[in-house]
Amino acid sequence: MANEATAAPSALLAQEAPHLRRVLGRWDLVLLFVVAVFNLNVVPSIAANGGVTLWLWIISLVLFFWPQGIAVIELAHRFPGEGGVYLWAKEVFGDFHGFLSGWCYWTNNMMYVPTIMLYFVGVFVFVLGTGHESLADNKSFTLTVSLVLLFLLVILNILGLGVGKWLNNLGAIGTFVAAAVLIGLGIVIWLRFGTSVTTADFRIPANPRFVLNSFGVICFGLVGLELASVMGDEIENPQKTLPGAVAWGGFLSGLLYIGATLTLLIAVSKNDISVLQGIVQAVGHMASRVGAGWIVAPFAVMLSVSIAGIGSAWLGGSARIPFVAGLDSYMPAWLGRVHPKYVTPYAALIVHAAVSLILVVINFSFSGAGVQETFQKLLSLAVVLQLIPFLYMFGALLKIASNDSFVRGRYGKTTLMLAGFSGFTTTGLGIALAFFPAQQIKSLLSYEIWMFGGTLFFIGLAAFFFFVYGRRKAARQLAAAVASAPIV
C-alpha cells in the first residue's frame, strides 16, 4: 500500500510539471551559438596581452572547443531534455554533482551578465558622439544604463523565447556585421599601409604573468555550445537539429575570434587597448586613417545591439538552471514557476537579474574599484565558476567511454576518450590560470580574496541548498504525500 501511496503523488507531479514550447529551429540555434560563443567583449582584454594570445586561441580551439562540440552532441543525444550541464552531471555522477554543475553554470552568469552590461555602456557612449567616451568611467551613469538594459532583457525573456530569440538573432547579426566591419577595416589598413606588427610580437614575453590569465578567459570565451541543450525542451527536433547547428556555430565563432584578435593587434597598440572600449577604439582609429570617421557612431549602434543580444542569450539560457532546480526541490519551488500567459520561467529570470545588479553595486560601492577593474574582477570569477561544469561535462565523457558496458551513441569510445581527456585537462588549466591577475588589477591581495572567497562562497552555498534545504523540503513533501494518501 505504501508503494501505491507514494506512486500517486509522483504521477501527479509528472502530470503537473510545466512544459515549455519548442520554438528554436536549426538557424535559430546557429545564430544563438554565434551570439553566445563569439563575444567581442572578451577580445580586448585578451588582445591587450599581445600577439602571443593568438597561439592561445589556436591551442584552446583544438584542445577545448573541439572536445566541447563532441561532448555537447554526445551528451545531448544520450540525455535529451531541459537542463543541459545540470542534467548531464546528474545522470552520470549523481544528484549533488548535477546540482553543483548547474549551480556554478547559473551563478557564473550572475557575474558575467554584469560584465556585459558594463561593456554595453562602454560601447554605447560612442553612439552619443565624440566627447562622451569618459561617461563609461562614470559609476552613476554606468549603473543607470545597466539597470535600464537589464530591465529590458528581463521583460523580453519573460515574454518568451518566441519573442526574446529575435533579440538573440539580432545580436548574432549585429555580431557578424560588427566583426565584418572590424576585420574588413583591418584588411584595408594592412593592404594600404602595412602593419607595425612583427614576428617578435607573437613570442612569449619575458614576464608571462599577465598572459596566464588570458588562457582562462579564452576558454571562457569559447563556451556556449552547451547553451542550447540547457533549453533542450524548447528545440524543434533536437536529435536532428543540434549536431549541424553545433558544427556551423563553432566554425563561425572560432573564425571570428581569431580574425577580431588579429585586427585589434594591427589597429591599436596593446598598451592602449581598453578592455571596455577597445573594439570601438580600433574601428575609430582605422576609419580615421581611410577617411571614414563617420562610421564610428553606426558601428557603435550595431555593436550595442550585439552586446544586448549576448546578454539576452545568457540571461535567458542560464535562468533555466534554477528553474529546473526548483522543480527538483533543491531550491525554492517558486523558482520553478512559469508565467501563466507566456509560459516562461519568470521567477528565475527576475532573481538572476536582481543578484547581477547587486553584485555590480557591491563592487562599485565597497571595493572602490573603477569600472575597468570591476569588469575584470567579475569576469575572472565568472571564468572559474563557468568552467567547473565543463570539468563534469568532459569527465562524463571519460566515465561513459571507460564503462565496460559501453554502447555507442553519436561517437565511438576512442573519440570520447580523446575529447574527454583533452577537454578535462585544458579546463583544469584554465581554472588555475584565472587566479593570476590581469593587467587592470591594482591590488593583488583584494583580487585573490575576491577570487578564492567568491569561489568558496558559491560552492558552499550550493552545498547548503542541496544538503540542508533540499533534504528538509524532501522530508516535508514526503510527509505531505503520506498524510494525503488514502487509508485502505
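Student: How are helix 5 and helix 6 oriented to each other, roughly parallel or roughly antiparallel?
Tutor: In this predicted model, helix 5 and helix 6 are roughly antiparallel (an angle over 145 degrees, on a scale from 0 to 180 degrees between N-to-C directions), since helix 5, residues 85-93, packs against helix 6, residues 95-124, at about 160°, with the axes 7 Å apart. Helices here are DSSP runs of H or I with at least four residues, numbered from the N terminus, and axes are lines fitted to C-alpha atoms over the stretch in contact.

Student: Which residues in helix 5 meet helix 6?
Tutor: V85, Y86, A89, K90 and F93 do, and their partners in helix 6 are D95, H97, G98, F99, S101, G102 and Y105, where contact means heavy atoms within 4.5 Å.

Student: What is Q68 in contact with, leaving aside neighbours within four places in sequence?
Tutor: Q68 is in contact with L222, V223, G224, L225, E226, F390, M393 and F394.

Student: Where do the numbering and cut-offs come from?
Tutor: Residues are numbered from 1 along each chain as its sequence is written, and side-chain values use heavy atoms, leaving out hydrogens and water. Local features need pLDDT of at least 70 and side-chain atom pairs count only at pLDDT 80 or more, whereas totals for chains, interfaces and linings use all residues.

Technical notes: Helix = DSSP H or I, 4+ residues; strand = E, 2+ residues; numbered from the N terminus. Parallel < 35°, antiparallel > 145°, perpendicular 65-115°, else oblique.
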